[in-house]
Amino acid sequence: MRKKISQNHIRRDIFEREVIIAGKRSERPGASVKKRKKPRKEECPFCPGNEKLTGSTVLALPDKKNWKVRIFPNKFPVVFSNSFKSISRHPYKCFAPRGRHEVMVETRDHNHEYEDMKLEDLSLVFKALKIRYEELMCMKDINYVTVFKNRGKTAGASIPHTHMQIIASPLFPEIISREMDESEAFFKKEKKCGICTVVEQELKYKERVVTHNSDWICINPYSSSWPYQIQFMPKRHFSEITDADDSELENLARIIKKVFMAFSKIFEDLPLNIMYHNFPKSELWHFQVHLYPRLMTQAGFEFFGLNVNTKTPEEAAAELREAMKHLDDNQV
Ligand SMILES: [Zn+2]
Ligand SMILES: [Zn+2]
């Protein structure tokens, strides 16, 4: 009988599909199928005063003692550096999951979501992200820094206190490399960045534009796979968050907050995922932020990569624009 495999590892099959196997993560709070009560503030590891319950701070803004944003190593990492013994047999391959998996707690307030946060505090989140992203990208053996947010249990969040996750690893995500290939093909044909073209066209026709400000546009993408799927794009061409200046980071906070406020008018506690698509600096690739409300569960057909979306992007955009009409302008 083979020994039970408990160490995290990366598997690659004959189709070059890669997966991180991280058995330990099933021990994290809320990961089991058993129902678990929402932790109280006193026992929340992300609340101020409970810092000892997490890994030590790697970055805190404005400072370690009075932090408003705090980054530390994830207690249940999917990647980390340690000694590793391969367990693969032909035709499969197996690798050490080297890298860093960190958590960024985005506010001191246990109950605040983006829609409740002050604009200046949400801007600090993106400033911290820019700093840490750059530091991680400079580290040895790191090929890509994945930045994402899970909100709500059905979207994979095990702790309700609002936070983002950052995974820096030698792996290059398939979605990102596919987007890069397709953007490059578009550029070769049209002599122009694909997303710059999307920004221009969407602003011209407006039917899928949810909102926009001087630096960013927010749309329900033309071929949204999910109801109310959102895409944020900078109006100026740049490839990764390190290229955004202070005003662009502030306006990113402004537009994201506005969308969260609109969602909170339509849904109660909408579970969602946010993904930051960073690319190597180039005229070919354009930074994007994707937001996926988790209103549907994936069915068999979707596992073929073919989604059925029950809400047209044009209807979703109109509904969100309507919800935005009733927002308090002082808050956004
Ligand atoms: Zn908390
Ligand atoms: Zn562009």
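This report walks through the fold of a predicted protein model, from its overall build to a few of its details.

## Reading the model

Residues are numbered from 1 along each chain as its sequence is written, and chains are lettered from A and ligands numbered from 1 in the order in which they are written. Because the model is predicted, local features need pLDDT of at least 70 and side-chain atom pairs count only at pLDDT 80 or more, while totals for chains, interfaces and linings use all residues.

## The overall build

Let's start with the whole protein. Its secondary structure comes to five helices and 13 strands; helices (H or I, at least four residues) and strands (E, at least two) are DSSP runs, numbered from the N terminus. The radius of gyration is 20 Å, close to the 20 Å that the globule rule gives for 332 residues, so the protein is as compact as a globular protein of that length. Here the radius is taken over C-alpha atoms, and the rule is 2.2 Å times the number of residues to the power 0.38. Along the principal axes, the C-alpha atoms fill a box of roughly 65 × 50 × 40 Å.

## The ten-stranded sheet

Ten strands form an open sheet with antiparallel pairing, in the order S3-S4-S6-S8-S7-S12-S13-S11-S10-S9. Two strands pair if DSSP finds at least two bridges between them. Strands S3 (59-61) and S9 (209-212) are at the edges with a single partner strand each, so one side of each is left without a neighbour in the sheet. On average, neighbouring strands are turned by 20° against each other, direction ignored.

For a closer look, follow S4 (residues 69-73) and S6 (residues 100-105), which run antiparallel and are joined by four bridges. Within this pair, Ile 71 stands opposite Met 104 in S6.

## The three-stranded sheet

Another open sheet has three strands in the order S2-S1-S5, again with antiparallel pairing. S2 and S5 (93-95) take the edges with a single partner strand each, so one side of each is left without a neighbour in the sheet. Four bridges join S1 (residues 9-12) to S2 (residues 18-21), and Ile 10 has Ile 20 as its bridge partner in S2. The hairpin of S1 and S2 has five residues between the strands, and Glu 16 takes a positive phi near 65° there.

The protein is divided into domain 1 (9-24 + 40-172) and domain 2 (175-325), with bounds that come from an automatic or database domain assignment. Their C-alpha centres lie 22 Å apart. The contact takes 25 residues from domain 1 and 24 residues from domain 2; residues are in contact if their C-beta atoms, placed from the backbone, lie within 7 Å.

On the domain 1 side, the largest share, nine residues, comes from H1.

## Helices H4 and H5

How do H4 and H5 (residues 313-325) pack, and at what angle? The angle is about 95°, with their axes 9 Å apart. Axes are lines fitted to C-alpha atoms, for helices over the stretch in contact, and angles run from 0 to 180 degrees between N-to-C directions. The two helices are therefore roughly perpendicular to each other, a label given to angles of 65 to 115 degrees. Lys 258, Ala 262, Lys 265 and Ile 266 in H4 meet Glu 319, Leu 320, Ala 323 and Met 324 in H5.

Methods
Two residues are in contact if their C-beta atoms, placed from the backbone, lie within 7 Å. Angles under 35 degrees count as roughly parallel, over 145 as roughly antiparallel, 65 to 115 as roughly perpendicular and the rest as oblique.
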